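Subject: Structure handover, with notes on the core and the salt bridges

Hi,

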Amino acid sequence: MTEEEWQSLKTFVIDKFTNDPFVRDMDIKVESVEPKRAVFSLDVKHNRSNMFGIVHGGVLMTLADVGMGAACFSCNKKVVTLEANMSFLRSAPVGKHLIATGSVLHNGNRTLSCECDITDDEGRLCARGRGTFFVVGRIQEER
């Protein structure tokens, strides 16, 4: 892939995730996109917390899925999630700023395997997600 093609793909991925209605409703922000890697952030607000005042596990799962999906898109692949799991390691109370870093571990023709680390604003690991994604097409056609 040429530099021009990469920049076009990167712009597409950023625009796609910035304007996705669900991502916007969740108030998830794109921080960066690189080959095989995407970084997103989320501020833990009251409407994203559970009854204990910490971020809801479903929000963490969503954040990880978005990060891993965007990392797959950065490989020029449109994907859907086949399976995902999450290890919850540390709670994040209302007021915390979370960073999700999705990475592609295996970039196959039909499936991609990914992981996503979610850390708080102090750099502590709060959760780690893993997922398998099915390729439904390419974003840019290969030359």
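Below are some remarks on the model, then on its core, and then on its charged pairs.

Please keep in mind that this is a predicted model, in which local features need pLDDT of at least 70, side-chain atom pairs count only at pLDDT 80 or more, and totals for chains, interfaces and linings use all residues. Residues are numbered from 1 along each chain as its sequence is written, and side-chain values use heavy atoms, with hydrogens and water left out.

First, the core. The largest nonpolar core holds 39 residues, and F17, I28, F40, L63, L98 and I118 are those with the most contacts inside it. By nonpolar core I mean a set of buried Ala, Val, Leu, Ile, Met, Phe, Trp, Tyr and Cys residues joined through side-chain atoms within 4.5 Å. Two or more residues come from each of α1 (3-18), β2 (37-43), α3 (57-73), β3 (77-88), β4 (97-107), β5 (111-119) and β6 (125-138). Of these, α3 gives the most, with 10 residues. Helices (H or I, at least four residues) and strands (E, at least two) are DSSP runs, numbered from the N terminus.

The classes are buried under 20% relative accessible area, exposed over 50%, and partly exposed in between (1.4 Å probe, protein chains only). Not counting residues up to four places away in sequence, F40 touches F17, I28, K29, V30, E31, L63, V66, G67, A70, L98, I99 and A100, where contact means heavy atoms within 4.5 Å. F40 and I118 lie 78 residues apart in sequence, with 9.3 Å between their C-alpha atoms.

Now the charged pairs. The whole structure has eight salt bridges, each a side-chain nitrogen of Lys or Arg within 4 Å of a carboxyl oxygen of Asp or Glu. One of them joins D27 and K29 at 2.8 Å, N to O; D27 is partly exposed at 25%, as is K29 at 44%. R37 pairs with E34, their closest N and O atoms being 3.2 Å apart. R124 and E122 also form a salt bridge (3.6 Å, N to O); R124 is partly exposed at 29%, whereas E122 is exposed at 53%. Salt bridges with shared partners link K96, D120, D121, E122 and R124 into one network.

Best wishes
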